[in-house]
Amino acid sequence: MFVQEEKIFAGKVLRLHICAADGAEWQEEATEDTSVEKLKERCLKHCAHGSLEDPKSVTHHKLIHAASERVLSDARTILEENIQDQDVLLLIKKRAPAPLPKMADVTAEEKKKQDQKAPDKDAIFRATANLPSHNMDRAVVQTNMRDFQTELRKILVSLIDVAQKLLALNPDAVELFKKANAMLDEDEDERVDEAALRQLTEMGFPETRATKALQLNHMSVPQAMEWLIEHAEDPSIDMPLPGQAPSGAEGAAAAEAATSEATAGASSTDEEARDELTEIFKKIRRKREFRADARAVISLMEMGFDEKEVIDALRVNNNQQNAACEWLLGDRKPSPEELDKGIDPDSPLFQAILDNPVVQLGLTNPKTLLAFEDMLENPLNSTQWMNDPETGPVMLQISRIFQTLNRT
């Protein structure tokens, strides 16, 4: 009677190809129920010519399945490790663990760290105790190192006056105004994203509420929807935002009135035209007045501050809520009135700025005037104008002149 091979052995016999780290290769036969540890012992005996030199040698080696790059577990069988017939296994010696540092080495390392450590306050006083002292008026040093952002506002106030006078002297002043007014309308950033508004209104939210939610949440539809759901029962949900700009219809009417005044000014005498244009530029400034961050206004008003105080605080502190809160709780310096003071026209800084050819050319561009007005009332928009190809070079020259004179 024929007896199958599978019935003789406890499991199916697999023929495995073993590769050692020294380049030796051979075939090992093992049943499926053979543990990886037993297979490893047989492989080591083959390498050691029939005997294990060190009982720990088994634990210091590992078998790796070449195709999958898996390290085989000693406790599992060949079947459990999914080893197939004719698979290639690698016999590798494990890396020896790094030796623990000696006490002398630890001390040396600690000493090195101490040597590289920066001196503390007491060590500095001990090292400088014998040096001669010099009396220095720290207040004068701090005053000389003027803050660019603080000084920039004064510079812009004065440059706006100069730009207005230069544009008023231009024979094409009315046309320049029309161009400036058109750019002002194009740059209006309070327009609501129509696609975002449509998404919210299609969900069933009223248009006025959806508009308010988008303005409060920087035109983000998910955040606006969250806000609408959260404030659905709020009695003030339909109230206009604090410090909100006039509606589109009012803005358009103001622009139309300003344009008609410009045309009327063009038909009168030169002196009247200049006076009329000055009034027009004042209207541009009112049209582009400071826009307080609505979220910050609401948060600060919830603390008990008056709306006008909050808007003044945000204007002084560039729409930074935390700084505005500190201003409201502190001495409230500088005051909002101080923000409208220009730089001394006879100062070396202002004279150097006016003598710069790039600035001179830029002051004849109505877009530069609008940039100055915008940065004056919305300092956070400075980056936008710095990156503009027309106004960026002017701002760069002002910054360089300031830094140069500040160092001297």
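The model is predicted: local features need pLDDT of at least 70, side-chain atom pairs count only at pLDDT 80 or more, and totals for chains, interfaces and linings use all residues. Residues are numbered from 1 along each chain as its sequence is written, and side-chain values use heavy atoms, with hydrogens and water left out. The protein chain contains 20 helices and five strands; these are DSSP runs, numbered from the N terminus, with helices being H or I of at least four residues and strands E of at least two. Of its 408 residues, 35% count as buried. Buried means under 20% relative accessible area, exposed over 50%, and partly exposed in between, with a 1.4 Å probe and protein chains only.

**Contacts and cores**

- Of the contacts in the protein chain with a separation of 6 or more, 59% are between residues 24 or more positions apart; a contact means heavy atoms within 4.5 Å.
- The largest nonpolar core has 25 residues. A nonpolar core is a set of buried Ala, Val, Leu, Ile, Met, Phe, Trp, Tyr and Cys residues joined through side-chain atoms within 4.5 Å.
- The residues with the most contacts inside the largest core are Ile 155, Leu 159, Leu 349, Ile 353, Phe 372, Met 375 and Ile 398.
- Two or more residues of this core come from each of helix 6 (148-169), helix 16 (348-355), helix 18 (366-377) and helix 20 (392-407). Helix 6 gives the largest share, eight residues.
- A second, separate core has 17 residues, including Leu 16, Trp 26, Leu 44 and Leu 63.

**Helix 16 against helix 20**

- The axes of helix 16 and helix 20 come within 10 Å and cross at roughly 145°. Axes are lines fitted to C-alpha atoms, for helices over the stretch in contact, and angles run from 0 to 180 degrees between N-to-C directions.
- The crossing of helix 16 and helix 20 is right-handed. A crossing is left-handed if the near helix is turned anticlockwise from the far one by less than a right angle, and right-handed if clockwise.
- Helix 16 contributes Pro 348, Leu 349, Ala 352 and Ile 353, which meet Ile 398, Ile 401, Phe 402 and Leu 405 of helix 20.
- By class, this contact has eight nonpolar, no polar and no charged residues. Ala, Val, Leu, Ile, Met, Phe, Trp, Tyr, Cys and Pro count as nonpolar, Asp, Glu, Lys and Arg as charged, and the others, Gly among them, as polar.

- In helix 15 (residues 321-329), the residues Ala 324, Cys 325, Trp 327 and Leu 328 are buried. Seen down the axis, the buried residues of helix 15 fall within an arc of 160°, so they line one face of the helix. The arc is that of the directions from the helix axis to the C-beta atoms.
- Asn 322, Glu 326 and Leu 329 are exposed on the face of helix 15 turned away from its buried side.
- The buried residues of helix 15 pack against helix 13 (294-302) and helix 14 (307-316).
- Helix 13 has Ala 294, Ala 296, Val 297 and Leu 300 as its buried residues. These cover an arc of only 160° around the axis, which puts them on the same side of helix 13.
- The packing partners of the buried residues of helix 13 are helix 9, helix 14 and helix 15.
- Gly 304, with a positive phi near 110°, follows helix 13.
- Helix 9 (residues 207-216) buries Ala 210, Thr 211, Lys 212, Ala 213, Leu 214 and Leu 216. Its buried residues pack against helix 8 (194-202), helix 10 (221-230) and helix 13.

- Gln 27 is in strand 2 and is partly exposed, with a relative accessible area of 47%.
- Not counting residues up to four places away in sequence, Gln 27 touches Arg 15, Leu 16, His 17 and Gln 86.
- Gln 27 and Val 88 are 61 residues apart along the chain, and their C-alpha atoms are separated by 9.5 Å.
- Gln 86 lies in the loop between strand 4 (70-71) and strand 5 (88-93). Gln 86 has a positive phi of about 70° although it is not a glycine, and at 46% relative accessibility it counts as partly exposed.
- Asp 33, in the loop between strand 2 (25-31) and helix 2 (36-47), is partly exposed at 44% relative accessibility.
- Arg 332 lies in the loop between helix 15 and helix 16. Arg 332 has a positive phi of about 60° although it is not a glycine, and is partly exposed at 27% relative accessibility.
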